[in-house]
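Work through the exercises below with the coordinates open. Each task is followed by a stepwise solution.

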Amino acid sequence: MSKTGEYKRINHEFSPVFDEYSRILILGSFPSVKSREQQFYYGHPQNRFWKVLAALMNETVPQTVDEKREFLRHNRIAVWDVVEQCDIIGSSDSSIRSVVPVDLPWLLGQTHVEEIYVNGGKAYALYQKYLLPVVGRDCVRLPSTSPANASYSLDRLTEEWSRLLHIEVAK
C-alpha cells in the first residue's frame, strides 16, 4: 500500500522474543506488512536485520522463524517493537500515528537486559516520546536495516551495528 493509501488501526499481533538470559534488547517501530504476514520480526526479504546480526555474530543467516528464534536466544538478544497499536498506512513508519506503546517495564522485569537499541530514527523518536519517560533508560539509536534506508550499504550497517558487541552476547 502506498503512502497515499488509507490509514488502518492495527494491533501488534505477535509476541516479543526474549528469555531470562536476554542481555540486549532491539526495538523496531512497528512490524511491516511482510512481517505482519509472517507473524515475525523483519520479514521483508530486503530488510538487512538478519544479515547484519549474523555477520556480527559470525554465524549463518537464519532463514526460518524457528532458526531466527534460536539465533536470538543463543545470542541473548531480545526483539520487540516500540508500538503495540497504531494507525498506519501499509508499512510506512512516517505515517504512524495514534500510538499505544508496548509495556516495556513488563519485558524488562523478566530479563537481564543491559542495553536497549533501536532500529532506525522513527523507533528512536517513538522510544524517546513514549518509553523513556516510563522506564527511565536511555537507548542507543542504530541506523535502520529497512530497505528504505538505501544510503547505508550492508557493510556500513554492519559497522554501525557493531556497537552491540561490547555486551557479552554469546553463551
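**Exercise 1. Aromatic pairs**

Task: State how many aromatic pairs a search of the whole structure finds, then classify the pair formed by the rings of F40 and W50.

Solution. 
- Step 1. The model is a predicted one, and searching the whole structure gives 9 aromatic pairs.
- Step 2. For F40 and W50, the ring centres are 6.2 Å apart and the planes stand at 15°.
- Step 3. Planes under 30 degrees apart count as stacked, so the pair F40 and W50 is stacked.
- Step 4. Locate both residues: F40 sits in the loop between α1 (33-38) and α2, while W50 belongs to helix α2. They are 10 residues apart, and the pair links distant parts of the chain.

**Exercise 2. Helix α2 against α3**

Task: Describe how the axes of helix α2 and helix α3 cross, and list the residues that make the contact.

Solution. 
- Step 1. Two packed helices are described by the angle between their axes and the distance between the axes.
- Step 2. Helix α2 covers residues 49-57 and helix α3 residues 65-74; their axes come within 12 Å and cross at roughly 45°.
- Step 3. That angle makes α2 oblique to α3.
- Step 4. The handedness of the α2 and α3 crossing is left-handed.
- Step 5. On the α2 side the contact consists of W50, L53, A54 and M57, and on the α3 side of K68, F71 and L72.
- Step 6. Sorted by class, the residues of this contact of α2 with α3 are 6 nonpolar, no polar and 1 charged.

**Exercise 3. Helix α2 against α6**

Task: Repeat the analysis for α2 and helix α6 (residues 154-161).

Solution. 
- Step 1. The axes of α2 and α6 come within 9 Å, with a crossing angle of roughly 60°.
- Step 2. α2 and α6 are therefore oblique to each other.
- Step 3. The crossing of α2 past α6 is right-handed.
- Step 4. From α2, the residues F49, K51, V52, L53, A55 and L56 meet L154, L157, T158 and W161 of α6.
- Step 5. This contact of α2 with α6 divides into 8 nonpolar, 1 polar and 1 charged residues.

**Exercise 4. The parallel sheet**

Task: Give the strand order of the open sheet of 4 strands, and explain why one side of each edge strand is left without a neighbour.

Solution. 
- Step 1. The order is β3-β2-β6-β7, and the pairing is parallel.
- Step 2. The edges are taken by β3 (77-81) and β7 (140-142); each has a single partner strand, so one side of each has no neighbour in the sheet.
- Step 3. Direction ignored, neighbouring strands of this sheet are turned by 25° against each other on average.
- Step 4. Strand β2 (residues 24-28) pairs with β6 (residues 115-119) over 4 bridges in the parallel sense; L27 has V118 of β6 as its bridge partner.
- Step 5. Helix α5 (residues 121-135) lies across β2, β6 and β7, at about 130° to β6.

**Exercise 5. The antiparallel sheet**

Solution. 
- Step 1. Strand β4 (residues 83-88) is joined to β5 by 3 bridges, and D87 stands opposite R97 in β5.

Key:
Residues numbered from 1 in each chain as written. Predicted model: local features only at pLDDT ≥ 70, side-chain atom pairs only at ≥ 80, totals over all residues. Heavy atoms only, no water. Pairing = 2+ DSSP bridges. Helix = DSSP H or I, 4+ residues; strand = E, 2+ residues; numbered from the N terminus. Axes fitted to C-alpha atoms, helices over the stretch in contact; angles between N-to-C directions. Parallel < 35°, antiparallel > 145°, perpendicular 65-115°, else oblique. Left-handed = near helix turned anticlockwise from the far one by under 90°. Contact = heavy atoms within 4.5 Å. Nonpolar A, V, L, I, M, F, W, Y, C, P; charged D, E, K, R; others polar. Phe/Tyr/Trp six-rings, centres within 6.5 Å; stacked < 30°, edge-to-face > 60°.
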